[in-house]
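Subject: Structure handover, with notes

Hello,

Here is the structure for you to take over. Please open it alongside the notes below.

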Amino acid sequence: MTPSDAGVDRLHWRLASFYFFYYATVGAFMPYWAPYLEARGFTALQMGVAFALMGVMRSIVPIAWGWWADARGGRIYLIRWASLAALLTFMSIPFVDGVWWIGGLMVAYTLFWHALLPQFEVVTLNHLLASGGDYSRIRLWGSVGFVVAVLGLGALLDLTGMLWLPWLVGCFWLGMAGATWAVPEPPDAYSRDTPRVPILSVLGRREVIAFLLVCFCSQLSFAPYYNFFTLFLEHHGYRRSLAGVLWTVGVVAEIGLFMVVGRYIRRFGARAVLLLALATTALRWTLTATLVDSLAVLVLSQLLHATSFGAYHSVAVFYVQRLFPGALQGRGQAVYNAVAYGIGGSIGSLGSGLLWDRVSPDAAFVAAALVAALGLIIAWRRLPGEAERL
């Protein structure tokens with residue numbers, strides 16, 4: 001191995017370490033935050049409102065940060081300080097009482113939390129353009145971090161109780177903040193002399209609108225899973241530790257998919273892989289809603305996480321790279337995250353909370369399946385036949 005090869009490997013490991021700790025944080029937060037809020041006195045509807053407000057912030061904050069980073073530069077500098085600010089805000093939650101205070105701090109830390117991933121995706125992609133490498137093989141370490149957190153915390157929280165959760169999440173968050181200081185600022189992916197394309201002209205293109213609508217539907221359909229899946233399993237008599245195992249099954253399947261998905265995108269085209277992702281998402285929520293009492297079916301539905309999220313995410317990054325070229329990368333990632341995870345996630349969180357309280361927990365997953373099917377129809381009818389033509 002030459003010195004330059006060793007340097008590239010070190011860079012790739014540093015990028016991977018951020019994803020490991022970032023998604024370990026998500027793995028510590030996502031499956032267990034609803035039970036934590038329940039232990040702090042939240043109802044399902046109040047949880048839905050809190051998650052929806054966080055989603056509203058995710059609809060606005062990434063675009064503001066992306067605009068600033070594209071205009072001013074210093075993207076990794078922004079990521080470093082935003083990660084520390086988010087950590088400090090989040091760790092205030094154990095020290096306050098009441099739904100309003102906890103909910104307010106949840107919204108407050110998203111001001112910084114949602115600056116991180118869209119801009120780090122740009123950092124990673126720009127580094128990989130300069131050094132070479134497969135994005136999916138870097139990103140899969142995020143899935144490994146998620147598995148470590150979910151498996152580690154599931155059984156531990158059964159012993160300690162849910163009130164320890166913020167401190168455990170904070171440990172992973174501290175590792176993520178530290179990892180950002182090991183990653184250098186990436187080279188520019190475009191020349192300063194390159195003509196700038198107005199982002200509004202890009203957002204008005206038919207294929208861009210279709211892509212964003214598809215992503216909106218996909219992530220709206222994931223809201224009941226992200227916010228209430230652990231509670232859903234407990235509602236049907238499963239132990240919390242088993243819920244952690246089921247979350248892990250899904251992410252292990254996702255890791256396997258990340259190892260090979262680049263090959264399949266090149267072979268079959270991004271649109272075909274996206275259609276598969278949406279079809280299996282609709283199937284997954286249907287199985288979860290209707291056959292939740294069968295453990296074998298739950299395992300099967302979690303294995304579908306490989307395509308419903310792993311394939312979807314890889315294709316979405318592929319599309320964003322091509323739909324938002326050059327100097328628009330930061331804002332493109334921000335718009336994608338805002339529409340899919342922000343607007344889609346907030347509407348899905350509020351809607352699933354309402355359905356859970358007013359109809360039944362199962363109804364939230366039935367609605368999710370219908371929304372995923374709508375995304376499949378839009379992708380089938382409106383996205384171009386080959387992403388390479390975008």
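**Ground rules**

This is a predicted model, so local features need pLDDT of at least 70, side-chain atom pairs count only at pLDDT 80 or more, and totals for chains, interfaces and linings use all residues. Residues are numbered from 1 along each chain as its sequence is written, and side-chain values use heavy atoms, with hydrogens and water left out.

Helices are DSSP runs of H or I with at least four residues, and strands are runs of E with at least two, numbered from the N terminus. Buried means under 20% relative accessible area, exposed means over 50%, and partly exposed is in between (1.4 Å probe, protein chains only).

**Salt bridges**

A salt bridge here is a side-chain nitrogen of Lys or Arg within 4 Å of a carboxyl oxygen of Asp or Glu. The count comes to three salt bridges.

- D97 and R40 pair through their side chains at 3.3 Å, N to O. D97 sits in the loop between α4 (75–90) and α5 (99–131), and R40 in the loop between α2 (33–39) and α3 (44–72), so the bridge ties together parts that are 57 residues apart in sequence. D97 is exposed, at 62% relative accessibility. R40 is buried, at 17%.
- R139 and E254 form a salt bridge at 3.7 Å, N to O. This pair links distant parts of the chain: R139 is in helix α6 (residues 135–160) and E254 in helix α10 (residues 240–268), 115 residues apart. R139 is buried, with a relative accessible area of 1%. E254 is buried too, at 4%.
- R205 and E207 form a salt bridge at 2.5 Å, N to O. R205 is partly exposed, at 27% relative accessibility.

Helix α13 covers residues 305–323. Its 19 residues should span 27 Å at 1.5 Å a residue, and its end C-alpha atoms are 26 Å apart, which agrees. The expected span is 1.5 Å times one less than the number of residues. Of the 19 residues of α13, 17 are buried, so the helix is largely enclosed by the rest of the structure.

Some packing terms first. Axes are lines fitted to C-alpha atoms, for helices over the stretch in contact, and angles run from 0 to 180 degrees between N-to-C directions. Angles under 35 degrees count as roughly parallel, over 145 as roughly antiparallel, 65 to 115 as roughly perpendicular, and the rest as oblique. A crossing is left-handed if the near helix is turned anticlockwise from the far one by less than a right angle, and right-handed if clockwise. Contact means heavy atoms within 4.5 Å.

The axes of α10 and α13 come within 8 Å and cross at roughly 45°. That makes α10 oblique to α13. Their crossing is right-handed. On the α10 side, the contact residues include E254, L257 and F258; on the α13 side, they include F309, H313 and S314.

α6 also packs with α13, at an angle of about 130° and with the axes 12 Å apart. These two helices are therefore oblique to each other. α6 passes α13 in a right-handed crossing. Y135, S136 and R139 in α6 meet F309, H313, S314 and V317 in α13.

**Helices α11 and α15**

Helix α11 (residues 270–290) and helix α15 (residues 361–382) pack at about 165°, with their axes 8 Å apart. That makes α11 roughly antiparallel to α15. The crossing is left-handed. Among the α11 residues in contact are R271, L275 and W285; among those of α15 are D362, F365 and W380.

**Two buried residues**

Q219 lies in helix α9 (residues 206–235). Q219 is buried, with a relative accessible area of 2%. Leaving aside neighbours within four places in sequence, Q219 contacts Y226, Y312, A340, Y341 and G344.

N337 belongs to helix α14 (residues 329–358). N337 is buried as well, at 4%. With neighbours within four places set aside, N337 touches R58, P118 and G342.

Best wishes
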